[in-house]
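Below is a short note for a colleague who has not looked at this structure before. Please read the numbered points with the structure open.

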Amino acid sequence: MPERPYVIDEMISAKAIAARIEALCREIADEFEDTDKLVVVGLLRGSFVFIADLVRELDLPIEVDFIEASSYGDGMESSREVRILKDLRSGIEGRDVLLVEDIVDTGHTLNHVTQLLRTRGSARLRSIALLDKPSRREVDFRADWTGFEIPDEFVVGYGIDFAQRNRNLPFIGKVRFTD
Ligand code: PRP
């Protein structure tokens, strides 16, 4: 990607994210209150900040695991191939699973990983995405919980990168090119 100068405008503050996570965790705790074997699975790399805050707010007995997926276009947007680059350490057959994603865009990644974990025999499988861009959807997929619906803006921070930069911003920002 060519270097272009840009600034980042704050879109969702760290305080707003924390408040939303608190509310979401109350709903998640209700859903999984009867389980003693919840596996919280983060999709690398973008979810690493969100999952860290989420699990510390969840008052449930949990395990944490990670999976990394990458999607490749083949010229036809709607038939993207999703590949698993790094797999789970845990076997999830019969386990209750919460999949944690930073953002749902076309929907291919979360849709594919959800189907994969189902074929592996997960018990209850739910998903949460901090951000959702419904206007970009190419497959019919919706996370069970969403932090914030956003328009089709170029967002960074709180785990999300621009050319591998800015993942460490504590808030969600919008990229604005200045050239
Ligand atoms: C981003 C994001 C989601 C995925 C969403 O990951 O973290 O995993 O794209 O897009 P989709 O709904 O169109 O499938 P990316 O491939 O940029 O990797 P990263 O998480 O390592 O940044």
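**Notes on the model**

1. R95 touches K37, V39, E63, S122, A123 and R124, leaving aside residues up to four places away in sequence. R95 itself sits in the loop between β4 (81–86) and β5. Is R95 buried or exposed? R95 counts as buried because its relative accessibility is 16%, and the cut-off for buried is under 20%. Please keep in mind here and below that the model is predicted.

2. The strand β2 deserves a look next. Six of the seven residues of β2 are buried, so the strand is mostly covered by the definition of under 20% relative accessible area. β2 runs parallel to strand β3 (residues 62–72), and seven bridges join the two. Within this pairing, G42 stands opposite F66 of β3.

3. β2 also pairs with β5. These two strands run parallel as well, with five bridges between them. One point to check on screen is V41, whose bridge partner in β5 is L99.

4. Which residues touch the most other members of the largest nonpolar core? They are L54, L98, I128, L131 and I172, in a core of 28 residues. Two or more residues of this core come from each of α1 (14–31), β2 (38–44), α2 (48–57), β5 (96–104), β6 (125–132) and β7 (145–149). The helix α1 gives the largest share, five residues.

5. Apart from residues up to four places away in sequence, L54 touches I21, C25, I28, L98, V100 and I128.

6. For D102, a polar side-chain atom lies 2.7 Å from an oxygen atom of the ligand. Backbone atoms take part too: a polar backbone atom of G107 is 2.8 Å from a ligand oxygen, and a backbone N or O atom of G46 lies 2.9 Å from an oxygen atom of the ligand.

7. How much of the ligand's area does the protein bury? Taken alone, the ligand exposes 500 Å², and 79% of that is buried by the protein.

Technical notes
Residues numbered from 1 in each chain as written. Predicted model: local features only at pLDDT ≥ 70, side-chain atom pairs only at ≥ 80, totals over all residues. Heavy atoms only, no water. Core = buried A, V, L, I, M, F, W, Y, C linked by side-chain atoms within 4.5 Å. Buried < 20%, exposed > 50% of the residue type's maximum accessible area, 1.4 Å probe, protein only. Helix = DSSP H or I, 4+ residues; strand = E, 2+ residues; numbered from the N terminus. Contact = heavy atoms within 4.5 Å. Polar contact = N/O pair within 3.5 Å; in protein donor to acceptor, adjacent residues only side chain to side chain. Areas by Shrake-Rupley, 256 points an atom, 1.4 Å probe, with all protein chains shown as cover. Pairing = 2+ DSSP bridges.
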